[in-house]
Amino acid sequence: MKKIIFFALSLILCSTTFAKTLQPIEKTLGKLTISIDPRMELLSAIEIIEGQNETPFKNAYTQALATSFLSFDSFDAVELTHNLSKSNCHAPAAFMLHLAQPQSLSQTSTYSKCLIDRAGGVVNLEILRQAMGLFAQKSGFDRYWTENRDTFKGIIDATVAQAEGVDWIGVMENYMGSTQESYHLVIVPLLKENHHQSVAQADGTIKVYALMATDSTTYINRAALESSVWYEFSHSFITPLVEKYSQKVDSTASIFTPIDFPLHQYVGDEIANAVSLRLRASSMNQTQYEALLAQQEDKGMSYTPALVEKLKEYEVLRALKGTTFEEFFPQLLEVF
């Protein structure tokens, strides 16, 4: 009997230690939290197996990831994650943000209809969740996380050093005339494409995420922060407004040449790009700003210059009358 009690206590202690260990490594700058998240690292461990022929193992981070997980290629989580990514490359990351940390991977928020549709049903998401939990357990993910905490901390410290001196969220919220509950910049070194996610919580609040890759130096430098932070986080204000005025957005469809992604996404991206440029304007001289603006059409953002001019009108109204971005938004749609 004593042995059984001792074994049970050992399991509880082990579980508690596991829970304490598998927590994000993070620092805050005002309302901005910069972190490396175990959920995203677990996803990276699975995806590095899937894309092992594409990943350059050139630094300590990628070498550790490859050494720790490439031999677990037979686990169902690898194929299931690949299947979800084929529906949308951002879908696996969106899925992870609805889960608890890898000690349980329990679902913590309601999946969006878009995510369910991309997975082919909520049952498939549950199958994937269980497969990821098994992968985390059998691959020794907790050991990998513990052994590499210093590496993760170094990435965070170096990125925070690059980010200091700017109130990233304060500047954006002042421009928008509204706020969000929280902002999380999650560093995912092997991420193929930066993107944003907004996840509704059980208490009605919304967590806003910007998922960002590092460069070859394994941290996010100042130039990358300037080009991406405001662009990604401004979507949390813009996307709901695009949906609010969806009929107006849809009425512009005939003027567009065929595009490779949904119209609402395209319009939102153009507006977010223009907002980001206006927020960056104060940190560069006129020559630099005009050169950056001239590059936008080459990047496929052909409406950005006109949107920038319209935003200058908004800035005047904001200064004179306290007009908010939401109030002015219909005028931005007149550009399209």
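pLDDT is the predictor's confidence in each residue, on a scale from 0 to 100. The model is predicted, and its mean pLDDT is 89, with 89% of the residues reaching 70 or more. Confidence is highest in strand E2 (residues 32-36), at a mean of 98, and lowest in helix H1 (residues 2-21), at 45.

- Where pLDDT is low, the predicted coordinates should not be read in detail.

**Overall composition**

- The secondary structure of the protein consists of 16 helices and five strands.
- The protein has 336 residues, of which 46% count as buried.
- Among contacts with a separation of 6 or more, 70% are made by residues 24 or more positions apart.
- The protein has an accessible surface of about 16,800 Å², and carbon and sulfur atoms contribute 53% of this area.

**Helix H4 and its packing**

- Helix H4 (residues 76-87) comprises twelve residues and spans 18 Å from its first C-alpha to its last, close to the 16 Å expected at 1.5 Å a residue.
- The buried residues of H4 are Ala77, Val78, Thr81, Leu84 and Ser85. They lie on the same side of H4, because they cover an arc of only 135° around the axis.
- An α-helix has 3.6 residues a turn, so residues three or four places apart point the same way.
- Asp76, Glu79 and Lys86 are exposed on the other side of H4.
- The packing partners of the buried H4 residues are helix H2 (38-50), helix H5 (91-96), helix H6 (113-119) and helix H7 (122-138).

- Helix H10 (residues 168-176) has Trp168, Ile169, Met172, Glu173, Tyr175 and Met176 as buried residues. Their arc around the axis is only 160°, which puts them on the same side of H10.

**Aromatic pairs**

- The structure contains 19 aromatic pairs.
- Tyr303 and Phe336 are both buried.
- The pair of Tyr314 and Phe328 is tilted, because the ring centres are 5.4 Å apart and the planes stand at 40°. Tyr314 belongs to helix H15 and Phe328 to helix H16, so this pair ties together parts that are 14 residues apart in sequence. Both Tyr314 and Phe328 are buried.
- One aromatic cluster is formed by Tyr61, Phe69, Phe72, Phe75, Phe135, Phe141, Tyr144, Trp145 and Phe152.

**Individual residues**

- Ser276 is located in helix H13 (residues 263-280). With a relative accessible area of 2%, Ser276 is buried, because buried means under 20%. Leaving aside residues up to four places away in sequence, Ser276 touches Glu226, Ser227, Trp230 and Tyr231.
- Glu147 is part of helix H8 (residues 141-147). Its relative accessibility of 57% is over the 50% cut-off, so Glu147 counts as exposed. Glu147 and Ala64 are 83 residues apart along the chain, and their C-alpha atoms are separated by 9.4 Å.
- Leu105 is found in the loop between H5 and H6. The phi of Leu105 is near 55°, a positive value in a residue other than glycine. Leu105 has a relative accessibility of 0% and therefore counts as buried.

Methods
Residues are numbered from 1 along each chain as its sequence is written. This is a predicted model: local features need pLDDT of at least 70, side-chain atom pairs count only at pLDDT 80 or more; totals for chains, interfaces and linings use all residues. Side-chain values use heavy atoms; hydrogens and water are left out. Helices (H or I, at least four residues) and strands (E, at least two) are DSSP runs, numbered from the N terminus. The expected span of a helix is 1.5 Å times one less than its number of residues. Buried means under 20% relative accessible area, exposed over 50%, partly exposed in between (1.4 Å probe, protein chains only). The arc is that of the directions from the helix axis to the C-beta atoms. Contact means heavy atoms within 4.5 Å. Rings of Phe, Tyr and Trp (its six-membered ring) pair if their centres lie within 6.5 Å; planes under 30 degrees apart count as stacked, over 60 as edge-to-face and the rest as tilted. Accessible areas come from the Shrake-Rupley method with a 1.4 Å probe; for residues, only the protein chains shown count as cover.
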